[in-house]
Amino acid sequence: MWFPDYRPRRLRRTENLRRMIRETRLSPDRFIYPLFVRKGKDIRNPIASMPGVFHLSPDTAVRETEELQRLNIPAVILFGLPEAKDEKGSEAYDPDAAVQTTVKALKDRFPELVVITDVCLCEYTSHGHCGILDGHEVHNDATLEVLARTALSHAEAGADMVAPSDMMDGRVGAIRHALDENGFDRVAVMAYSAKYCSSFYGPFRDAADSAPQFGDRRAYQMDPANALEALREVNLDIEEGADIVMVKPALAYLDIIRRVKEEYDYPVAAYNVSGEYSMIKAAAMQGWLDEERVMMETLTAIHRAGADCIITYFAKDAARILSAS
Ligand code: PBG
């Protein structure tokens, strides 16, 4: 009979031993919490397909952020729901719209909070596509101008970072130039660089009322089958001045996160998207999964794959567990 000399189980025997050799450690420092905001007062409307997530008004967004401060979560990303939609998504750059108003309210109250804004047109256009239409196609260069104008309006409201999620070619460069020309060189760009055309965005499109009215987003978001193309997208965004590059979604794309991290010496963000959140919630509500453990395992895996920061609807729940342990 042969027995092993080296036994990995020796270092798994007790929690203190496991603690000593643990390779990845999650921390609330890594979390970015998404907020859906609309104009009004005292709004806190639950989003049916995302239990625990709400539509907020600027005042309730401030209240929600007090809780984030207590939990030591450093950053939020804002998504806006407009009062009216039109062909060109013009409320996206309205200085009095929900996002701009909430940015101001948050920065007044919490100057240290990192306030990031999602820059896209799909919530604001009547057709639900991420840009300006030319027939049934999204016109790339006409969209760049509107995106740059939107990013600038967020910077003028006080945003620390803008995050273009539209997937137009050249948008990072267009936004970077517009910001610099207007004296906002300190405002960072977090680019949704490798954003896939994913069915995991379903619940978000309910939350943001942003589903396309015809067709789909395959002509601008990436094919889930491609990995080398993700590296080219990341490369372009870095050359155009991105400060942080993002992979989205996270869970089905851990290989992409890892490859981007290994290939580029750049901060990498990952978006743990709505469908990834809602499927854990739904299974937990059925009693089929242990929500806390699956949540922590998922977030740890995203970090282990190479993500420096994680946009997640679980940020508060996970931070609560981390601060208790
Ligand atoms: C806007 C945008 C989307 C998400 C973030 N920004 C939706 C989409 O591209 O259809 C999805 C986020 C999530 O599912 O949590 N373009």
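1. Before we start: two residues are in contact if their C-beta atoms, placed from the backbone, lie within 7 Å. Keep in mind too that this is a predicted model.

2. Let's begin with Lys 195, which sits in strand β9, residues 188-195. Leaving aside neighbours within four places in sequence, Lys 195 is in contact with Ser 165, Met 167, Gln 221, Met 222 and Lys 248. Is Lys 195 buried or exposed? Buried, because it has 27 C-beta neighbours inside 10 Å and the cut-off for buried is 20 or more.

3. UniProt, in an unreviewed entry, marks Lys 195 and Lys 248 as "active site". The pair is spread over 54 residues of sequence, yet they cluster in space, with a largest C-alpha distance of 4.9 Å.

4. Now for Lys 248 itself, in strand β10, residues 244-248. Residues up to four places away in sequence aside, Lys 248 touches Tyr 192, Lys 195, Tyr 196, Tyr 271 and Val 273. Lys 248 also counts as buried, with 24 other C-beta atoms within 10 Å.

5. On to the cysteines. The unreviewed UniProt entry gives "binding site" for Cys 120, Cys 122 and Cys 130. Cys 120 lies in the loop between β5 (114-119) and β6 (133-134), and Cys 122 is in the loop between β5 and β6.

6. How do these two cysteines sit? Cys 120 is buried, with 28 other C-beta atoms within 10 Å, and Cys 122 is buried with 24. Among the residues Cys 120 touches are Cys 130 and Ser 165, while those touched by Cys 122 include Cys 130 and Ser 210.

Note on methods
Residues numbered from 1 in each chain as written. Predicted model: local features only at pLDDT ≥ 70, side-chain atom pairs only at ≥ 80, totals over all residues. UniProt positions renumbered as here; feature names shortened; annotations may be inferred. Helix = DSSP H or I, 4+ residues; strand = E, 2+ residues; numbered from the N terminus. Buried ≥ 20, exposed ≤ 12 C-beta atoms within 10 Å, placed from the backbone.
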